[in-house]
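Hi there,

Here is the structure I promised to pass on to you. Have a look at it first, and then read my notes below.

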Amino acid sequence: MSKVLIAYSTGEGQTAKICRALSRQFQEASHEVELSELQSHHPELNVQRFDAIIVAASVHAGKHQKSAAHFVTNNIDVLRSKPTAFVSVGLAVVATEAAGRKRADEQVSSFLKQVDWEPDLIETLGGAFRYSEFSAIKRWIFRLSQRLFRKDLDRQGWPDVTADNEFTDWDELRRFGTAFAAKL
């Protein structure tokens with residue numbers, strides 16, 4: 001039995017939902033799991049006491065959250081000494097064309113370069129788009145951007161972002177969890 005820390009940054013809650021699913025999977029395999037939301041991270045969290053660490057962060061405006069970068073940077077020595085993984089949650093990964101998918105890979109590469117970290121495993125997952133929960137102004141901005149950039153979005157295979165959609169591939173998440181558990 002291993003102690004696994006899943007530290008995450010979430011914007012609208014999909015990354016948290018993904019991390020809870022991973023936690024259940026590891027607990028079913030008799031591992032002890034602690035979830036830590038990085039936006040409310042307290043410095044007294046002793047990451048050294050864990051056998052393995054997963055960091056998950058969602059992408060907003062093309063970048064992963066600062067709280068995830070801060071966590072990795074502050075704990076880089078420990079992360080380099082244990083089995084680790086990075087889970088990136090965003091919309092670029094759900095693009096069906098290579099240009100859209102390439103964007104998701106660039107976002108992950110940029111984050112890992114910024115924090116100077118090479119995790120053992122990397123997973124990119126689609127997030128969720130909850131259009132109905134946006135303010136009227138934010139909905140207007142998204143509708144306008146869809147009109148202005150429709151050709152580029154279609155060329156890259158982006159989904160319609162003027163409706164509620166959950167794009168997480170739960171089977172892929174389970175495969176990732178199994179692969180990470182094999183490293184414990």
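Is serine 67 buried or exposed? Serine 67 is buried, because its relative accessible area is 19%; buried means under 20% relative accessible area and exposed over 50%, with partly exposed in between (1.4 Å probe, protein chains only). This serine sits in helix α2, where helices (H or I, at least four residues) and strands (E, at least two) are DSSP runs, numbered from the N terminus. Serine 67 touches Ser9, Leu38 and Gln39, leaving out residues up to four places away in sequence; contact means heavy atoms within 4.5 Å.

A word on the source: this is a predicted model, in which local features need pLDDT of at least 70 and side-chain atom pairs count only at pLDDT 80 or more, while totals for chains, interfaces and linings use all residues. Residues are numbered from 1 along each chain as its sequence is written, and side-chain values use heavy atoms, with hydrogens and water left out.

Now to strand β3. Eight of its nine residues are buried, so β3 is largely enclosed by the rest of the structure. β3 pairs with β1 in the parallel sense over six bridges (two strands pair if DSSP finds at least two bridges between them). Within that pairing, valine 4 has alanine 52 of β3 as its bridge partner. Six bridges also join β3 to strand β5 (residues 84-90), again running parallel, and there serine 58 is partnered with valine 89. With strand β4 (residues 63-64), β3 pairs in the antiparallel sense over two bridges, and histidine 60 stands opposite lysine 63.

Enjoy exploring!
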